[in-house]
Amino acid sequence: MSEIQQKRVVVVGAGWAGLGATYHLAKQGYDVTLLEAGAYPGGLVAGWQTPGGKSVEAGIHGFWYPYRNIFSLINELNINPFTNWTRSAQYSPAGLEVESPIFQDLPKLPTPLGTFVYTQFQRLPLIDRLSALPLLYSVVDFDNSDDAWQRYDYITARELFKTFGVSARLYKEAFEAMLLVGLFAPGEQCSAAATLGMLYYFILAHQPDFDVVWCRGTVGEKIFRPWVNRLEKLGVKILSNHKVTDVIIDDNSVKGVVCNDQVFDADAVIFAVGITGMKKIVANSPSLQNYSEFRNLNNLKAIDVLATRLWFDRKINIPRPSNACFGFDNTTGWTFFDLNALHDEFKEQTETVVEVDFYHANQFLGLSDQEIIKIVQGYLTTCIPGFKDAKVIDSSVIRLPNAVTHFSPGSYQNMLPATTSLKNLFMSGDWIITRHGSWSQEKAFVTGLEAANLTIDHLGTGKKANILPVEKDENHIQLLRNINQNIRNIGKSILPDFWLP
Ligand SMILES: Cc1cc2nc3c(=O)[nH]c(=O)nc-3n(C[C@H](O)[C@H](O)[C@H](O)COP(=O)(O)OP(=O)(O)OC[C@H]3O[C@@H](n4cnc5c(N)ncnc54)[C@H](O)[C@@H]3O)c2cc1C
């Protein structure tokens with residue numbers, strides 16, 4: 001056995017971040033044990049079958065054009081999980097509001113012109129859309145640096161849009177609608193820094209960024225199953241139903257990871273659990289509580305989501321496969337997906353299968369399944385009248401309390417970077433601070449690779465993962481950013497450091 005095989009790495013949490021870290025380290029010959037609290041790998045993206053044999057998942061997941069590292073993994077695994085690029089629509093209680101084209105198919109315009117020109121707004125007047133123009137200053141000013149996060153994280157998205165003169169209608173019908181599905185919270189509860197980062201990554205940086213593909217089945221079946229097979233072939237021990245409860249610390253290093261009465265010895269440890277999971281581990285761990293960075297995690301919060309899947313007794317015409325909806329509840333956004341169009345297993349069915357997911361779904365989680373299904377059918381009917389007379393013949397309701405990261409105003413100061421005070425403990429996940437610039441699944445995967453690279457630095461053997469950077473800013477954006485930064489630097493050199501950032 002070579003020296004490298006004797007180095008043991010324990011990865012905690014089998015979502016995108018944990019699987020990403022595990023895969024890279026296993027390829028480098030490390031002895032990796034992956035501990036997962038749940039029954040299946042996948043984390044928030046896990047999928048499984050009901051006792052009746054129907055596929056369900058914890059919310060449907062899109063893969064946007066800039067997800068370069070995930071697309072590269074898919075190529076490496078030599079699998080073909082995705083649909084073609086799909087068009088999407090937005091609905092409000094008034095009906096169809098917006099249709100999005102496939103942006104990469106249209107003549108390329110300097111960003112963000114393409115987004116403004118090609119998005120087909122059905123009702124929103126031009127004057128409201130034009131009120132977004134002054135906001136472009138903050139898009140240029142926010143460059144995802146630590147300095148920019150310090151400047152923008154303490155204010156809410158709503159304050160940001162108000163300060164830059166965005167019209168009430170544009171805010172309610174476009175920006176807040178995007179926040180509810182992109183950051184899972186209404187504008188008054190989102191950090192302006194996270195808002196600018198998320199909008200730039202998914203929509204504004206390059207014309208095709210908003211183009212999206214979906215899995216042709218659950219992500220669990222189409223991506224995680226073949227990926228986990230590959231990991232097992234590499235010798236990874238994947239232990240599901242293993243909830244980590246504590247760590248053993250000695251000399252500022254983690255020596256072992258504790259799962260109830262089992263201890264897994266480790267030369268390095270990577271945490272890849274969400275905020276709620278991490279808070280529970282710290283609450284149970286007097287040793288981690290000795291460190292203020294871990295105690296401070298109690299200031300972070302997560303958001304409730306609700307994933308439902310409904311089978312209707314007849315075929316209903318749904319014009320676009322993916323749809324986002326706003327204006328039904330003040331603080332909740334929701335999406336619905338035509339699974340007959342997206343998932344292979346439902347293509348030939350005579351019944352309609354839809355996935356309907358709610359974000360910031362606090363007020364719904366306490367309702368019974370029947371009450372939820374009734375609301376869902378009512379909302380669907382408002383968007384597409386054909387749902388009115390259809391009968392629900394089967395359904396699944398998955399409640400996910402405190403599931404997704406809440407990028408609340410002021411939360412940045414308590415979020416953790418990948419390195420910690422413990423020399424051999426590295427952090428990953430979609431809430432971990434990184435300068436990469438990606439979001440959601442791609443961010444989780446990238447931070448997993450970053451944690452793997454830090455582990456390699458620490459343990460001294462293996463080749464680092466090649467992490468693809470986000471596509472460069474377009475030239476005019478880069479130029480404006482440089483000018484803005486120079487003006488800031490001059491300002492800093494002559495003005496005292498006196499005001500709040
Ligand atoms: C309804 C919904 C829709 C979404 N839509 C999209 C989308 O369209 N596109 C997109 O890119 N992203 C989307 N997201 C976000 C995306 O799911 C997350 O960004 C991503 O999955 C986070 O991955 P992660 O590895 O950081 O964490 P997670 O997926 O949360 O994985 C953490 C893992 O750690 C495990 N764990 C927790 N505590 C312990 C413990 N004590 N011991 C061992 N294991 C533990 C958990 O069981 C879990 O498996 C959506 C999320 C939801 C909920």
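Predicted model: local features only at pLDDT ≥ 70, side-chain atom pairs only at ≥ 80, totals over all residues.
**Note on the domains and the ligand shell**

1. Where domain 1 and domain 2 meet, four residues of domain 1 are in contact with four residues of domain 2. On the side of domain 1 that touches domain 2, one residue is nonpolar, two are polar and one is charged.

2. The ligand is surrounded by 36 residues, and the closest of them are G13, G15, G43, G59 and G277.

3. Which domains each provide at least three residues of the shell around the ligand? Domain 1 and domain 3 both do so, while at the level of helices and strands, at least two residues of the shell come from each of α1 (16–27), α11 (275–283), β15 (302–312), β19 (392–405) and α16 (440–459).

4. A last point concerns K463, which is found in the loop between α16 and α17 (475–494). Is K463 buried or exposed? K463 counts as exposed because 10 other C-beta atoms lie within 10 Å of its own, and the cut-off for an exposed residue is 12 or fewer. Although K463 and L25 are 438 residues apart in sequence, their C-alpha atoms are 9.0 Å apart in space.

Technical notes. Residues numbered from 1 in each chain as written. Near = placed C-beta within 6 Å. Helix = DSSP H or I, 4+ residues; strand = E, 2+ residues; numbered from the N terminus. Domains from an automatic or database assignment. Contact = placed C-beta atoms within 7 Å. Nonpolar A, V, L, I, M, F, W, Y, C, P; charged D, E, K, R; others polar. Buried ≥ 20, exposed ≤ 12 C-beta atoms within 10 Å, placed from the backbone.
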